[in-house]
Amino acid sequence: MNHTNRSKQSYLIPNYGEAPFDIIKGQGSYVWDHLGERYLDFASGIAVNTLGHCNPEFVSRVSSQMNDLIHCSNLFGIQKQRDLAEKLVHYIAPGKMLFCNSGAEANEALLKLARLHGAKRIGKEGQNFHVICAENAFHGRTFGGMSATPQEKVQNGFAPLLEGFSFAKLNDIGSFRSKITEQTAAIMVETIQGEGGIHPCSTEFLRELRALCDEHQILLILDEVQCGIGRTGNFLAYQKAEIVPDAIGLAKGLGGGYPIGAIWVKEEFSNLFQPGSHGTTFGGSPLASAAALAVLDIMEEQNLLSQVQELSARWLPRLHDLKAEYDFIEDIRGEGLMVGIVCKQNPANFIQQLRNSKLITVPAGGNVIRLLPPLNVTQEQLDWALSTMKQTLSNLQK
Ligand SMILES: Cc1ncc(COP(=O)(O)O)c(C=O)c1O
């Protein structure tokens, strides 16, 4: 498996900076680098590898689909896509699905939905199209996504962005209320902000948002691209609040590593898109749909939602204890297996030291380290990660 002759010369646009090493193999919660070193992977491709790496049943189902049909256009019927839509609607609430390839594309479709809704509400387009998002949000790198992402590091260099976006304080309903105008068509928030540093919407806030949107007949759109698909122990993170939003964006964990995105739209708004309104070459292809169906079936067979609830109920309190034990830690935030360790200073060195100890984590905004293990992580692996973090923190504080 080793290939130590990792080429230095690169024809890649230097968009991602320098990588510390190549990952060349994965199995379960572990990956191996180009030197053959094994790491416990608590990045999961940034909340993508729901079942860990190369889950044998997942591989077998995807391989079998590859032998039948990989791609055909959405101009033709795709049974697996219909099956996937049915399953997702069953998990969410009465409504309909539209598939795409990524989180940014899902959000782009949701922003188009908001415009269609606004135009229908007042009977003409171009006036009722504003969207209120949250401060510190991250919704992707397309022009729509960037416009909804009020972060200098994301927007810098790309002006002019789309008009009509305003930003309010997460978990502050008064702040959202104050931004509503005649022109507002939708409110869009991540149920748990991921890139921004793991900031969950409270249950109360989600309920208040639902009531506010009802009052003003505007869409409540939830971006569950990172926090959805079982990561919090509910199928979708908002379900803790027992509300029903009007539309939801999904991607990342849905395909377990195979690219697929989706939007769910409540029945009432599901005919806003008509033939020709939107489209995609690859979205919901036979292979992508088979991969996502396999993820959902395996999650069900292995009872992964309950497992996430049980594992995190034991793990989260122990992570919270780190705050009292180590000066370096300011706070612990998150739900289920989506955890942010808030550090008092830039955590780059901490992340590097953890990597040296063979634990992979992901940075996020606001001095946060994200822990995003696969949903089928074991108790032993969580224990090992915790003791590795403790050891590393003790060394850092020496
Ligand atoms: C909440 C959220 N929305 C949208 C996106 C964009 O998804 P993608 O990178 O698949 O375009 C991300 C990616 O990190 C995300 O975390």
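Author: Leaving aside residues up to four places away in sequence, D331 touches K323, G340, I341 and V342, where contact means heavy atoms within 4.5 Å. This is a predicted model in which local features need pLDDT of at least 70 and side-chain atom pairs count only at pLDDT 80 or more, while totals for chains, interfaces and linings use all residues. Residues are numbered from 1 along each chain as its sequence is written, and side-chain values use heavy atoms, with hydrogens and water left out.

D331 lies in strand β13 (residues 329-335); strands (E, at least two residues) and helices (H or I, at least four) are DSSP runs, numbered from the N terminus. One of its contacts is polar, since the side chains of D331 and K323 are joined at 3.4 Å; such a contact is a pair of N or O atoms within 3.5 Å, and within protein one must be able to donate a hydrogen and the other to accept it, with residues adjacent in sequence counted only if both atoms are side-chain atoms. The C-alpha atoms of D331 and D321, ten residues apart along the chain, are separated by 9.8 Å. With a relative accessibility of 24%, D331 counts as partly exposed, because buried means under 20% relative accessible area, exposed over 50%, and partly exposed in between (1.4 Å probe, protein chains only).

Q193, in strand β8 (residues 192-193), is buried with a relative accessible area of 2%, and its side chain makes a polar contact of 3.1 Å with the side chain of N136. Beyond four places in sequence, the residues that Q193 touches are A134, E135, N136, A137, L170, I198, H199 and M338.

On a wider scale, the domain assignment, which is automatic or from a database, gives domain 1 (57-301) and domain 2 (303-396). Their C-alpha centres lie 27 Å apart, and 23 residues of domain 1 are in contact with 21 residues of domain 2.

The largest nonpolar core has 82 residues, of which I92, F176, I187 and L319 touch the most other members; a nonpolar core is a set of buried Ala, Val, Leu, Ile, Met, Phe, Trp, Tyr and Cys residues joined through side-chain atoms within 4.5 Å. Helix α9 (residues 286-301) contributes the most to this core, with ten residues. Both domain 1 (57-301) and domain 2 (303-396) give residues to the core, so it lies between them. A second, separate core of 22 residues includes L113, A247, I263 and F269.

The ligand, finally, is surrounded by 13 residues, the closest being G103, A104, D223, Q226 and K252, where a residue is near if one of its heavy atoms lies within 4 Å. Helix α4 (residues 103-122) gives the most to this shell, with three residues. An oxygen atom of the ligand is 2.8 Å from a polar backbone atom of G103, and an oxygen atom of the ligand is 2.8 Å from an N or O atom in the side chain of Q226.
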